[in-house]
Amino acid sequence: MNLFTKRVVHIIQAIPPGYVMSYGQVAAAAGNPRGARQVVRILHSMSEKHELPWHRIINAKGEISFSGKDQRGLLEAEGVEFSLNGKIDLARYRWFPLDAEDG
């Protein structure tokens, strides 16, 4: 596993219940601000193996990107609230890792 992938896995595993991060935010915290698509790939291929809380990753608009899974239900069960238009208030629920540089 390369360093970027290790950092992404570490960051996603560290997101506490009730908080979210965007794909781009995870990528930037892991050291590659242009790596949002790589974060998608990592989530797709490694979520089960590394028990990643995939549901805590959303798009930069505060919206759910996965279809066919109950991402909203999982987030609501953790206390995340959605606006009437289906968005998450990033000012309230966005998580910032303290040790992103440490990976």
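E76 is partly exposed in this predicted model, with a relative accessible area of 39%. Its partner is R72, and the two side chains meet in a salt bridge of 2.9 Å, N to O. R72 counts as partly exposed as well, because its relative accessibility is 35%. Both residues belong to helix 4, and since they stand four residues apart there, about one helical turn separates them.

Let me turn to another of them, which joins the side chains of E78 and R56 at 2.6 Å, N to O. What does this pair tie together? E78 lies in the loop between helix 4 (71–77) and helix 5 (90–93), whereas R56 lies in the loop between helix 3 and strand 2, so the bridge connects parts that are 22 residues apart in sequence. R56 is buried, at 9% relative accessible area, while E78, at 23%, is partly exposed.

E78 also takes part in a polar contact: its side chain is joined to that of H55 at 2.9 Å. H55 is found in the loop between helix 3 and strand 2. Is H55 buried or exposed? With a relative accessible area of 10%, H55 is buried. Leaving aside neighbours within four places in sequence, the residues in contact with H55 are Q71, L74, L75 and E78.

In the loop between helix 3 and strand 2 we also find E51. E51 counts as exposed, because its relative accessibility is 69%. Its phi is near 50°, a positive value in a residue other than glycine.

A further salt bridge is formed by E63 and K87, whose closest N and O atoms are 3.9 Å apart. This pair links distant parts of the chain, 24 residues apart: E63 sits in the loop between strand 2 and helix 4, and K87 in the loop between helix 4 and helix 5. E63 is partly exposed at 25% relative accessibility, and K87 is partly exposed at 30%.

I now move to the start of the chain. N2 is placed in the segment before helix 1 (3–14) and is partly exposed, with 45% relative accessibility. How does N2 relate to helix 1? N2 caps the N-terminal end of the helix, with a side-chain oxygen 3.1 Å from the backbone nitrogen of F4. A polar atom of the N2 side chain also lies 2.7 Å from the backbone nitrogen of T5.

Helix 1 itself has twelve residues and reaches 17 Å from its first C-alpha to its last, close to the expected 16 Å. Its buried residues are F4, T5, V8, V9, I11 and I12. Among the elements covering them are strand 1 (21–22), helix 2, helix 3 and strand 2 (57–58).

I12 touches V26, V39, L43, L52, P53 and I57, not counting residues up to four places away in sequence.

Key: Residues numbered from 1 in each chain as written. Predicted model: local features only at pLDDT ≥ 70, side-chain atom pairs only at ≥ 80, totals over all residues. Heavy atoms only, no water. Helix = DSSP H or I, 4+ residues; strand = E, 2+ residues; numbered from the N terminus. Buried < 20%, exposed > 50% of the residue type's maximum accessible area, 1.4 Å probe, protein only. Polar contact = N/O pair within 3.5 Å; in protein donor to acceptor, adjacent residues only side chain to side chain. Contact = heavy atoms within 4.5 Å. Expected span 1.5 Å × (residues − 1). Salt bridge = Lys/Arg side-chain N within 4 Å of Asp/Glu carboxyl O.
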